[in-house]
Amino acid sequence: MSIETILTKIFLFLLQQFYCIAVIILGTLTVIKWKENLIHSFQIVLFIALVVSAAGLYFHLTEDDNEEKAEIKTEQMNKEEDDKPILAPLAFGGLAVFGLLGT
């Protein structure tokens with residue numbers, strides 16, 4: 001694994017943690033105060049979650065394609081161990097849809 005790949009994964013992990021903390025804080029403020037500007041801000045954040053989940057699904061599927069091309073034999077042997085759920089990123093989008101419907 002190259003240093004660029006490792007740094008990219010670290011950056012994405014930190015970005016995900018920041019986003020989760022921001023959503024928790026903004027969601028709590030929105031529920032407690034329930035003002036129009038907070039509601040609209042929260043809806044924007046939830047819409048971003050939909051975009052992120054669609055991008056996550058795309059990258060999740062293309063990552064599998066790249067792994068298959070590079071290491072077909074190794075992947076076949078480890079497929080049972082490393083089998084990822086294909087639609088896992090869409091769970092994030094489902095939560096965003098419920099939030100948007102609730103506001």
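My entries below go residue by residue.

**Entry on the model.** I noted before anything else that this is a predicted model.

**Entry on isoleucine 10.** I looked up where isoleucine 10 sits and found it in helix H1, which covers residues 3–33. Is isoleucine 10 buried, partly exposed or exposed? Its relative accessible area is 43%, so I wrote it down as partly exposed, the class between under 20% and over 50%. I also saw that Ile10 belongs to a nonpolar patch on the surface, together with Ile3, Ile6, Leu7, Phe13 and Leu14. Together these residues have about 590 Å² of accessible area.

**Entry on isoleucine 44.** Next I turned to helix H2, residues 36–70, where isoleucine 44 lies. I then checked isoleucine 44 against leucine 100: they are 56 residues apart in sequence, and their C-alpha atoms are 9.2 Å apart in space.

**Entry on serine 53.** I stayed in helix H2 for serine 53. Serine 53 has a relative accessible area of 4%, which is under 20%, so I marked it as buried. What does the side chain of serine 53 reach? I found the backbone oxygen of leucine 50, at 2.8 Å. Which residues is serine 53 in contact with, once its neighbours within four places in sequence are left aside? My list reads Pro89, Leu90, Phe92 and Gly93.

Note on methods. Residues are numbered from 1 along each chain as its sequence is written. This is a predicted model: local features need pLDDT of at least 70, side-chain atom pairs count only at pLDDT 80 or more; totals for chains, interfaces and linings use all residues. Side-chain values use heavy atoms; hydrogens and water are left out. Patches are made of residues with over 30% relative accessible area and no salt bridge: like charges are joined within 9 Å, nonpolar side chains (Val, Leu, Ile, Met, Phe, Trp, Tyr) within 5 Å. Accessible areas come from the Shrake-Rupley method with a 1.4 Å probe; for residues, only the protein chains shown count as cover. A salt bridge is a side-chain nitrogen of Lys or Arg within 4 Å of a carboxyl oxygen of Asp or Glu. Helices (H or I, at least four residues) and strands (E, at least two) are DSSP runs, numbered from the N terminus. Buried means under 20% relative accessible area, exposed over 50%, partly exposed in between (1.4 Å probe, protein chains only). A polar contact is a pair of N or O atoms within 3.5 Å; within protein, one must be able to donate a hydrogen and the other to accept it, and residues adjacent in sequence count only if both atoms are side-chain atoms. Contact means heavy atoms within 4.5 Å.
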